[in-house]
Amino acid sequence: MAKDKVVFACTACGFETPRWAGKCPGCGAWNTLEETVAAVQPAGAAAKTPKQRPGTGSAALLLDDIPEDTTLRTTTGIDELDRVLGGGIVEGGLMLIGGDPGVGKSTLLLQVCANLCRSGRRVLYVSGEESARQLKMRANRLAIQVPNLYVLAENALDNVEEKLRQLAPDVMVVDSIQTMYRPEMASAPGSVSQIRECTSLLMRMAKETGTAIFLVGHVTKEGAIAGPRMLEHMVDVVLYFEGDRQQQYRLLRAVKNRFGSVNELGVFQMTESGMEVVANPSEQLLSHRAKGASGSVVFCGLEGTRPLLCDVQALAAQSYYGTPRRTVNGADTGRVSLLLAVLEKRAGQKTYNQDVYINVAGGLELSEPAADLALCVAVASSLKDAVVGADVAVMGEVGLAGEVRGIPQCDRRVAECQRLGFTTIVLPKANLTRLRQPEGVRLIGVDTVMQAISVLF
């Protein structure tokens, strides 16, 4: 009988070593080596069963001789998901969607399967975590009754491949990749070797059959998809579902997309009937904004091609500690510390004895520098206890000298503010020279943070 040997595999790069080490010899990452079991085959077994399947045997083609793909994308029936995917599902694409437990990954994909079946597509849903009856209960809760949706409760990937060849579906969902395993491998499901081999087989199946495959991925405590980093390199699209289970909004981002932009954002709302698209997220995010409160400023950011208005909130309170507290939610903490230093040095706002709390309402994450001026104005508003007008929007990048620099696509931001009824917009003077004056909107160009604060207060 073949003996099993223990190896340690890196979850970041897949490097294998017979001994544990704190630092991976392959990629240099710390504490990423996990113990796995690798089966040792007898001497005669290697000659009987090949370790790898044979290749496709296709011939090399000149680039000009390759026919162009003129097939249209398949729409999922959900506009926000189509936006993030780059226009819809591509034939033979391998897509990975990850997120925290309970955020709504399986619910969204089941709704996608139902929409595809209603349009005449054949769909196979492979569930490695739930039984067929549990999946039926979820479908009843979502009021899903479609004729072309096949459900397979299976963990062995060889059986999944057999059913795929028999049914020849247009789209297949694997929920989740961490529960799949290949029987000929001795390691447990979810290990580095199993995830790597299962993903490789699914990728080959997608390219050979033309079936588009969705993979559901678990995430670690740090928020990264569990398993080797190679998993994200192998797939065509990587989507992340963000949002707290206690909040009603869910944000779907693409961090990798071979078929479209990676900057697009989809906004969903969790309801009793499943995931619903938020058609006007700017209006929804501003609907609960406090009226007449200091420290609240409206900022228009860009998520891909979509302008999105959000409420930037700041609270400055007298500190009773030796070191004032800095609590930030929705923005980069280091960037906020830099802006507080600019406020104190260049604008005369004393923050050395103030606890400062920053919050971006709605669970958004502001990563672009265009939010700098809005953050500065929000902190100054709280320090002065002065209210920024409800019809005022602020945007601009702030440098260390206190200067306000130009921002990209300012015309789209101004158009979105105008659509939602904002009549005053504070923006960099560098952008003001290239903008057409919109009707009913007053544009105020500023050069420095001090000038912006003096104009508003």
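Analyst: Begin with exposure. Buried means under 20% relative accessible area, exposed means over 50%, and partly exposed lies in between. This is a predicted model.

User: Is I66 buried or partly exposed, and why?

Analyst: I66 has 43% relative accessibility, so it counts as partly exposed. I66 sits in the loop that joins helix 1 (45-48) to helix 2 (79-85).

User: Which residues form a nonpolar patch on the surface?

Analyst: L61, L63 and I66 form it. Together they have about 350 Å² of accessible area.

User: Now a serine. Why does S191 count as buried?

Analyst: The cut-off is under 20%. S191 has a relative accessibility of 12%, so it counts as buried. S191 belongs to the loop between strand 7 (171-175) and helix 6 (192-209).

User: Which backbone oxygen does the side chain of S191 reach?

Analyst: That of A188, at 2.8 Å.

User: Next, a helix. How far does helix 10 reach from its first C-alpha to its last?

Analyst: The expected span is 1.5 Å times one less than the number of residues. Helix 10 covers residues 372-384, 13 residues in total. It reaches 18 Å, close to the 18 Å expected.

User: How many of the residues in helix 10 are buried?

Analyst: 11 of 13, so by the under-20% cut-off helix 10 is mostly covered. Among the buried residues are D372, L375, C376, V379 and S382.

User: What follows helix 10?

Analyst: D385 does. Its phi is positive, near 55 degrees.

Definitions and conventions. Residues are numbered from 1 along each chain as its sequence is written. This is a predicted model: local features need pLDDT of at least 70, side-chain atom pairs count only at pLDDT 80 or more; totals for chains, interfaces and linings use all residues. Side-chain values use heavy atoms; hydrogens and water are left out. Helices (H or I, at least four residues) and strands (E, at least two) are DSSP runs, numbered from the N terminus. Buried means under 20% relative accessible area, exposed over 50%, partly exposed in between (1.4 Å probe, protein chains only). A polar contact is a pair of N or O atoms within 3.5 Å; within protein, one must be able to donate a hydrogen and the other to accept it, and residues adjacent in sequence count only if both atoms are side-chain atoms. Patches are made of residues with over 30% relative accessible area and no salt bridge: like charges are joined within 9 Å, nonpolar side chains (Val, Leu, Ile, Met, Phe, Trp, Tyr) within 5 Å. Accessible areas come from the Shrake-Rupley method with a 1.4 Å probe; for residues, only the protein chains shown count as cover. A salt bridge is a side-chain nitrogen of Lys or Arg within 4 Å of a carboxyl oxygen of Asp or Glu.
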